[in-house]
Amino acid sequence: MIGVGKIKQYSNVLDKPLGKGKQEVSLSAFAFLFSELVQYNQTQVDNIAELERRLEDAGYAVGARVLELLCHREKGNRRETRLLGILSFIHSTVWKVLFGKVADSLEKGTEHEDEYMISEKELLVNRFISIPKDMGAFNCGAFVAGVVRGVLDNAGFPAVVTAHFVPVDGQQRPRTTILIKFAEEVLQREARLG
Amino acid sequence: MIVCLAVVGHQNNPLYIQSFTEADDALKLHHIVHCSLDVVDERVNNPKKSGPTLNETFLGLLYPTENYKVYGYLTNTKVKFILVTTDLDVRDTDVRNFYRRFHAAYVDAVSNPFHVPGKKITSKSFAERVSTIVKSFGLSSSS
């Protein structure tokens, strides 16, 4: 779990409680690691689309493993076969394990049947990142989009997942939205299951 | 006594096959595992539509052959664990326990960053853990 690490100083080392150990990783450690990941990939590619794809692929591997781990740990004996089931699983359980809180909102797209959106006021991975103007619409949330795609793909719901900035009035930093567009077969299967 | 254990990926590709007895022909055991995959697919695609069993990971006894029993377990990523055993009086709870520990070992093996999903599991520690679990299964159910 990623969170802010708090250290309490004890005067005598023998007074320190024998804890189970923190279940959290320090936010700064993750931020440094993620910034290195972005920097490393930036030196290897020529254009923005390639950079986005690489971050997504990195997230995909994380997503696949997170799905296996969480299904074993949290869900016990149940498998997700319904669309809403897997979406609420991502929105609450996966987000809680990865970022320490549930996602801000889960919405169904109005224009198309197969679009869903998970939005977050500020993605944890983007907290210490500001995109230079000449990179246009690039969003480091592509990593999180990759995680979501990894989870969906391995659970049997192939989808195209992207991350977008959505400007909100009254707020300086725009909101981030993860847009999930399911493949045709998922919708057909969902319709068949009733 | 467990004679064979197999992990099969979601495209029915084998990820890990291990037989624990030298007496029987390994190829015959592989065939049994292969046939049981059809039974798994049939169970998954035609669910019995009875509420709680629809999404169960543990599939239970798939089919009994001449002197073997074959159990199945399906994870959330469509990865199947097939267990072939010669015991005639295996309790359901024992098998479920076994699968729980096996699933834990499998999750640890997959979390390895050097493991490519879809390729065979080559981790030695996974093999050791599995053989420990298999040994303790034999002891608990024979008592």
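Visitor: What makes B:F102 count as buried?
Guide: Buried means under 20% relative accessible area, exposed over 50%, and partly exposed in between, using a 1.4 Å probe and protein chains only. B:F102 has 0% relative accessibility, so B:F102 is buried. B:F81 is also at 0%, so B:F81 is buried. This is a predicted model: local features need pLDDT of at least 70, side-chain atom pairs count only at pLDDT 80 or more, and totals for chains, interfaces and linings use all residues. Residues are numbered from 1 along each chain as its sequence is written, chains are lettered from A and ligands numbered from 1 in the order in which they are written, and side-chain values use heavy atoms, leaving out hydrogens and water.

Visitor: How many aromatic pairs are found over all chains?
Guide: The search finds 13. Rings of Phe, Tyr and Trp (its six-membered ring) pair if their centres lie within 6.5 Å; planes under 30 degrees apart are stacked, over 60 edge-to-face, the rest tilted.

Visitor: Why is the pair of B:Y73 and B:Y99 called stacked?
Guide: Their centres are 4.9 Å apart and their planes at 25°, so the pair is stacked. Both B:Y73 and B:Y99 are buried.

Visitor: And why is the pair of B:F81 and B:F102 called edge-to-face?
Guide: The ring centres lie 4.8 Å apart with planes at 85°, so this pair is edge-to-face.

Visitor: Which residues form one aromatic cluster?
Guide: B:Y16, B:Y73, B:F81, B:F98, B:Y99, B:F102, B:Y106 and B:F126 do.
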